[in-house]
Amino acid sequence: MKRTALTFIALVALLGTVAAFAPKPSFLTDEDVYESTARQFTLVDCSDLQCFRVLVPWIVGRLPGPQVFRWKLFAVVSTAGAAVALGRFCLVVGITPRAAQLAIWLVALGFGPLLTLFNPYTADPLMYLAGPLVATELFLGHRGRAVLLATAGVLAKEVAAAPLWIFCAWSVLQRRWTKAVRTLAAAMAATLVWVWLQLWLMLRYNYSYGGSKSADLLHGGDLVVWLGHMGPIGAAIAIFGAFGGLWLLMPIGFARATRDLRLLAIAALPAAAVLSYVQQPDRALWNFHYVMIPFAVIALQELPALWRWLFVVCYGAANLRVGAQLPFLPAARYALMTSVAIALAAVVVTVRRPRARMADAAADTQG
Amino acid sequence: MQLSLRAVAWVLSAETVAVLISALLILDMRAHAAVEQADGPNTWGFRGTARLKAVGGARIAVVGGSAAYGYGVGWSQSFPYYLERALNQMWRTAYPHSYTEVINLAAVGDGAASYITTLRDYAYLKPDVVCIYDGYAGLGVTGAQGARHASVVFTKIGYLPILGDVLARRPPWASPERAVVDPLLRDGAVGEVSCDAGSRGVCSAIIETVVWAIGRGIAVAVVTPPYVSARHEAQQASLAALLAARFQGDRGVHYINMGRQIDVRDRAQSPDGIHLTARGNQTLSENLVDAMFDVLSSR
């Protein structure tokens with residue numbers, strides 16, 4: 001507990017420093033919508049998708065201090081919380097403490113979270129936190145707590161309900177039918193709260209999605225717009241850049257993980273596909289970090305300490321440049337290439353190592 | 001604590017009902033989106049883009065029947081649409097240098113009897129001016145409550161469901177049975193048509209509407225639409241005289257006569273001798289705009 005608290009404080013200090021140095025975005029952000037929602041509670045006739053995401057501005061708007069400070073503080077604390085929450089989730093699912101420690105830092109220094117330190121006017125940091133929190137409660141069988149967390153979360157963004165659907169699908173894959181039915185009821189409850197929030201805001205305050213392509217589900221959602229803008233190669237590079245070397249580690253970790261954990265990853269695919277369809281995939285996938293990063297750290301932990309922490313440093317350095325947009329850092333490609341090289345080494349080491357059950361590995365490190 | 005399976009079954013049943021209700025509501029909203037730029041109403045039951053908050057300097061609410069609604073033409077071909085456009089043309093000398101909105105609260109089949117109900121229903125839109133573009137339906141075929149009150153949902157929460165009507169292909173806003181002329185106004189009808197005789201009810205309802213509006217600080221413009229018959233002309237002359245006598249000297253009450261601005265026998269202006277084409281509505285608005293500037297400046 002004390003170690004968790006210390007890790008959280010260290011993360012807040014580090015991420016706070018990064019947030020302080022992160023430049024102001026040169027493009028138009030959702031600042032106006034969120035700040036107006038914070039001030040006025042609801043915006044009559046609002047025709048912006050972000051207007052529906054009310055929880056974060058309602059909370060951040062009540063905090064004291066200058067506007068930028070409040071939003072960056074929210075991003076920093078949520079991201080640090082998300083990292084710690086993922087560490088706990090890793091332990092709960094049977095991943096080694098060594099790997100869980102790596103997972104904490106990989107989230108904190110990930111592209112998605114660092115991007116929110118650069119542009120904090122988004123509900124994403126809360127989603128990065130909600131994912132592992134809800135998943136942990138579900139894994140521990142605390143369905144009631146999970147529903148409460150997810151239901152509160154959907155007031156910020158719809159993806160907060162995703163863990164419930166993922167665990168429902170996971171129970172189906174495990175053929176645990178009773179558990180699946182219970183989780184289905186929970187998932188539907190949280191999703192209905194989100195649906196009725198949308199309808200209430202539309203009918204009471206005349207909210208609409210405006211011209212948002214995310215809501216245009218029959219014509220390719222936001223994915224089509226994003227692909228058209230980026231092109232296939234640009235899109236592939238962006239998706240690779242979102243997780244960098246972790247993409248190489250995840251398949252190996254998947255192969256080495258327990259059957260249950262593998263099924264969890266498979267169960268997450270439909271939800272990840274849906275969100276990638278309505279939101280640009282490089283950012284959307286970060287909402288599922290809690291079912292991706294655990295696989296990466298299963299492979300990464302096979303490296304000697306020096307190399308695995310060097311990987312974290314290089315991976316973080318790349319993301320500090322492309323995510324947090326710190327202008328004084330060198331171009332991200334060098335750090336990215338180094339982290340990819342280390343990831344390749346981890347892949348080779350893991351493949352050559354005799355296959356051991358994850359639980360045994362956990363026992364080794366704990367012992 | 002864990003719910004029993006029986007309780008979970010109840011929860012799932014309730015959720016299924018909630019999902020079905022949500023789905024119906026979403027489909028209904030999609031139906032509105034599909035028709036509101038064409039010939040149907042928006043989710044709140046009036047015509048045009050739904051805006052709850054005023055975007056400019058003044059807001060004019062038009063009440064009336066099928067003629068004001070723009071029966072047979074799309075939203076962007078109806079007279080309130082053209083009037084809003086004309087009122088916001090900056091080259092006009094009388095342009096007030098702020099945006100004027102025109103909200104079309106008319107409904108096909110509505111008549112003078114329902115105008116106060118309509119204005120009460122939409123009081124949340126806070127109009128600055130009420131334009132009574134009285135049609136030809138007399139007191140109206142939809143009664144004192146108006147067309148929208150046929151829906152319990154609208155009466156309770158102000159949302160007008162239309163999915164059933166759209167699916168059944170019998171939308172009330174396209175019903176020829178509702179877009180009719182009061183038999184009293186038709187050529188060849190018998191009986192006196194003045195406000196002292198056959199049109200007493202209509203004239204009284206319009207006077208009550210005017211009193212209701214000015215009592216709330218809302219300016220009123222009573223507009224006579226293009227004449228459809230000599231009897232209609234006689235009725236409107238009687239109404240004009242009544243308004244002049246009743247509200248003489250009241251700066252908030254205006255009477256505007258557009259009776260001879262459009263010849264409804266001209267098929268280019270009116271396909272059925274009652275309702276106007278897009279061209280007819282545009283001409284009417286062009287001729288009405290200066291008088292409406294006067295109404296706006298009188299507030």
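**A residue in its helix**

Modeller: Leaving aside residues up to four places away in sequence, L129(A) touches S78(A), G81(A), A82(A) and A85(A); contact means C-beta atoms, placed from the backbone, within 7 Å. This is a predicted model: local features need pLDDT of at least 70, side-chain atom pairs count only at pLDDT 80 or more, and totals for chains, interfaces and linings use all residues. Residues are numbered from 1 along each chain as its sequence is written, while chains are lettered from A and ligands numbered from 1 in the order in which they are written.

L129(A) counts as buried because 25 C-beta neighbours lie inside 10 Å. The cut-offs are 20 or more other C-beta atoms within 10 Å for buried, 12 or fewer for exposed, and partly exposed in between. L86(A) is 43 residues away from L129(A) in sequence, yet 8.2 Å away in space, C-alpha to C-alpha.

L129(A) sits in helix α7 of chain A. Helices are DSSP runs (H or I, at least four residues), numbered from the N terminus. The axes of α7(A), residues 124-139, and α6(A), residues 111-118, come within 9 Å and cross at roughly 145 degrees. Axes are lines fitted to C-alpha atoms over the stretch in contact, and angles run from 0 to 180 degrees between N-to-C directions. From α6(A), G112(A), P113(A) and T116(A) make the contact; from α7(A), D124(A), P125(A) and Y128(A) do. That contact has three nonpolar residues, two polar and one charged. Nonpolar covers Ala, Val, Leu, Ile, Met, Phe, Trp, Tyr, Cys and Pro; charged covers Asp, Glu, Lys and Arg; the others, Gly among them, are polar.

How values were computed: Helix = DSSP H or I, 4+ residues; strand = E, 2+ residues; numbered from the N terminus. Contact = placed C-beta atoms within 7 Å.
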